[in-house]
Amino acid sequence: STIEGAMRDYQYAYLGGMAIKDRVRQKRPSEDQKLHYDVVANTAALPVARYVVDTINDTVFGRPIERDLEFTTPDGIEVDEDSPSTQWTELVLYDADLNNRSMNQVMEQVGELTSIFGHCWVFVDMNSAEQGNSYRPYVVPVSPLMVWDWQFTTVNGRYIPSYVKVLESEDNYCYYIKVYYLGTKTEPSRYEAYKIDKLANVDAETRPYASGTFPPGMAIPAFIAFTRRDTRFHDLGVSDIDSASDVQREVYKLETEAYQSIQFAKTIVRAAPNIKVPAYAGAIVRGQAGDIETFTIDTTDVERVINKQDSLLVSLENLTGLGGLRTNKTQSQSGISIIEERRSLHKVASAKAREMEIAEEKIWTFMARYMGLRWAGDIEYNCDYEESDVKLKMAKLQLAKELSGTNPVIAGIIDMKVLEMLVDDYEVDFYKDVMKNQNSNIIDIPEEPEEEVETNDLGEQTPIEMSQSERDIIEGKTAQTPM
């Protein structure tokens, strides 16, 4: 389908290297096969898409994640955090997928998959007691290309999957497929696993080699995580590299054109039959006047190609707020442009963090169901990206210095802020004294006051005094006159 083709393009763009070069640079009908291989093998495809994905996810997951893991019984009674029934959560935090990857690492994989494809599937499963590592749930992020078929239904206004067919693995001979079916109040949700021979007839009968059911009242333990939602569909997202992959392909096409222009940018020599022309570069050809004729190949198109490549990357940087795509930039950015660029990145990262919060809470919801509990906690991804963004801080200091001129107070604040970025917290006081002894402009910045806890529920909720008649009314001793 068209959507599957676009997703594969995104995947190849992220992988880069030969994966995208073979797909972008197609052999021309009249082109020699060796020349085609030479162009593909000796040109570089810039990892534009991977840079976009890594930059966004480094920003999202560069700040600590706050997890308030709270659970209740199915009747809504709070479960103590030290209860034996919740001890499995520690194992999940440090090994969320039974492959020694923490919950943070698994969510980073979810972030990468959603950035590439716009969305991905997340499955929550339960290992058996015989498998070791204790009897507990685990999570598996799955590429949307591995989910072959699915259907959704609405339950209380929510879209939930009613049927999912996923390719778990494959070898040289067989596909291993798992099919999930949504249950009802009387029938639990279930799954069936099939082993299908790749050479088998399409109409060949297949039987499940494994099957099972999920806890009563539990939906199919799978959902779609998004990076940005496609407003046209409830089961598709918008990729973070939809524009970057187009730019990457176009830049590589231009790179191959430049390579071929440079490769053939040799002076062509036409000589009389009796004159030998060496095949190697730098050779001197001697002959009588009129016996040798030279032709110089115009290579000005290479400069135009380079300018076009830069133009494409500049446009992408301006649209996404992601600087650093070009390595040959010589102009210096102003403080304002850097600040706006970083804030554009933070805005994208913040929106993605909200989607990651939703995805992780769904994971804990299914895990709690497996353990006979109900999720009642909260997940919060820290979006204070400016606190750890050194580039943004330096841009602010640069702009402050430009605006303040020689103001000694501003200069002292700048020196202090730079010092805080360069040394550890416990070293700040020591180096501050050193700088003061050297007649620096550095000044003591007051510490941020502690936040006061405020409430609207002030004073007593009972009256200071109460009349006897009021007491009689409250105690029911005096009958009130009807209105």
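Which residue in β9 does C174 stand opposite? The model in which this is to be examined is a predicted one. C174 faces D197 of strand β9. The strands concerned are β8, residues 174-181, and β9, residues 190-197, which run antiparallel and are joined by eight bridges.

Strands β8 and β9 belong to an open sheet of five strands, ordered β6-β7-β8-β9-β10, in which the pairing is antiparallel. At the edges stand β6 (147-155) and β10 (208-213). Each of these has a single partner strand, so one side of each is left without a neighbour in the sheet. On average, and with direction ignored, neighbouring strands of this sheet are turned by 15 degrees against each other. In general, the strands of a sheet pair through backbone hydrogen bonds, in either a parallel or an antiparallel manner.

Attention now turns to the helices. Helix α1 (residues 2-15) packs against helix α4 (residues 48-60) at an angle of about 90 degrees, and their axes are 6 Å apart. Angles from 65 to 115 degrees count as roughly perpendicular, and α1 and α4 are therefore described in that way. Their contact brings A13, Y14 and L15 of α1 together with A49, R50, V53 and D54 of α4. By class, this contact comprises five nonpolar and two charged residues, with no polar ones.

Helix α7, residues 242-263, has 22 residues. From first C-alpha to last, α7 reaches 32 Å, close to the 32 Å expected at 1.5 Å a residue. Buried residues in α7 include A244, V247, V251, Y252 and L254, and also S245, Q248, T256 and Q260.

Key. Residues numbered from 1 in each chain as written. Predicted model: local features only at pLDDT ≥ 70, side-chain atom pairs only at ≥ 80, totals over all residues. Heavy atoms only, no water. Helix = DSSP H or I, 4+ residues; strand = E, 2+ residues; numbered from the N terminus. Expected span 1.5 Å × (residues − 1). Buried < 20%, exposed > 50% of the residue type's maximum accessible area, 1.4 Å probe, protein only. Pairing = 2+ DSSP bridges. Axes fitted to C-alpha atoms, helices over the stretch in contact; angles between N-to-C directions. Parallel < 35°, antiparallel > 145°, perpendicular 65-115°, else oblique. Contact = heavy atoms within 4.5 Å. Nonpolar A, V, L, I, M, F, W, Y, C, P; charged D, E, K, R; others polar.
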